[in-house]
Amino acid sequence: MSAPTVHKLTSVDPSGRISIGKARAGSLYDVAFEEDGRVVLTPMVAIPERELWLHKNPEAKAMVEEGLAEMGRGETVAIDLSAFPEDEDEE
């Protein structure tokens, strides 16, 4: 069952702003100005550019999601990383 649509009558202030409430302060929205005068706000999220490759790579993303699912089911194992040589780039 979806929540009912909430409508709120509000006006544009002298600076051209419309308040949608403090609960949404700091949120990111795509704003679409429709030909019929409607303004449509779509909630958005931003991801770091360095993580974009993962969202563009379905195979890698599936591996990460499976790993997270395994972790959630308690199917993880401990690995002794001291057996690996030190990375030369790290100090």
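Which element gives the largest share of the lining of the second largest pocket? I took this as the opening entry, working on a predicted model.

**Entry 1, second largest pocket.** I found that strand 2 supplies the largest share of this lining, with four residues. The pocket holds about 330 Å³ of space. Its lining consists of G16, R17, I18, I20, R24, Y29, V31, F33, V39, V40, L41 and P43. Strand 1 and strand 2 are the elements that give two or more residues to this lining. By class I noted nine nonpolar, one polar and two charged residues.

**Entry 2, the strand pair.** I then looked up the two strands themselves. Strand 1, residues 28–33, pairs with strand 2, residues 39–44, in the antiparallel sense over six bridges. Y29 has P43 in strand 2 as its bridge partner. Five residues lie between the strands of this hairpin, where G37 adopts a positive phi near 95 degrees.

I located E35 in the loop between strand 1 and strand 2. E35 counts as exposed because its relative accessibility is 86%, the cut-off being over 50%. From L9 it is 26 residues away in sequence and 20 Å away in space, C-alpha to C-alpha.

**Entry 4, largest pocket.** I recorded a volume of about 440 Å³ for the largest pocket. Among its lining residues are L9, I18, I20 and R24. The lining comprises four nonpolar, four polar and two charged residues.

I checked the span of helix 2, residues 58–72: its 15 residues reach 21 Å from first C-alpha to last, close to the 21 Å expected at 1.5 Å a residue. Just after helix 2, I noted a positive phi of about 75 degrees at G74.

Methods: Residues are numbered from 1 along each chain as its sequence is written. This is a predicted model: local features need pLDDT of at least 70, side-chain atom pairs count only at pLDDT 80 or more; totals for chains, interfaces and linings use all residues. Side-chain values use heavy atoms; hydrogens and water are left out. Two strands pair if DSSP finds at least two bridges between them. The expected span of a helix is 1.5 Å times one less than its number of residues. Buried means under 20% relative accessible area, exposed over 50%, partly exposed in between (1.4 Å probe, protein chains only). On a 1 Å grid over the protein atoms alone, a cavity is a set of points where a 1.4 Å probe fits but cannot get out, and a pocket is an open set with protein on both sides within 12 Å along at least five of seven lines; lining residues have an atom within 4 Å of a point. Grid points are joined across faces, edges and corners, and a volume is the space filled by probe spheres set on the points. Ala, Val, Leu, Ile, Met, Phe, Trp, Tyr, Cys and Pro count as nonpolar, Asp, Glu, Lys and Arg as charged, and the others, Gly among them, as polar.
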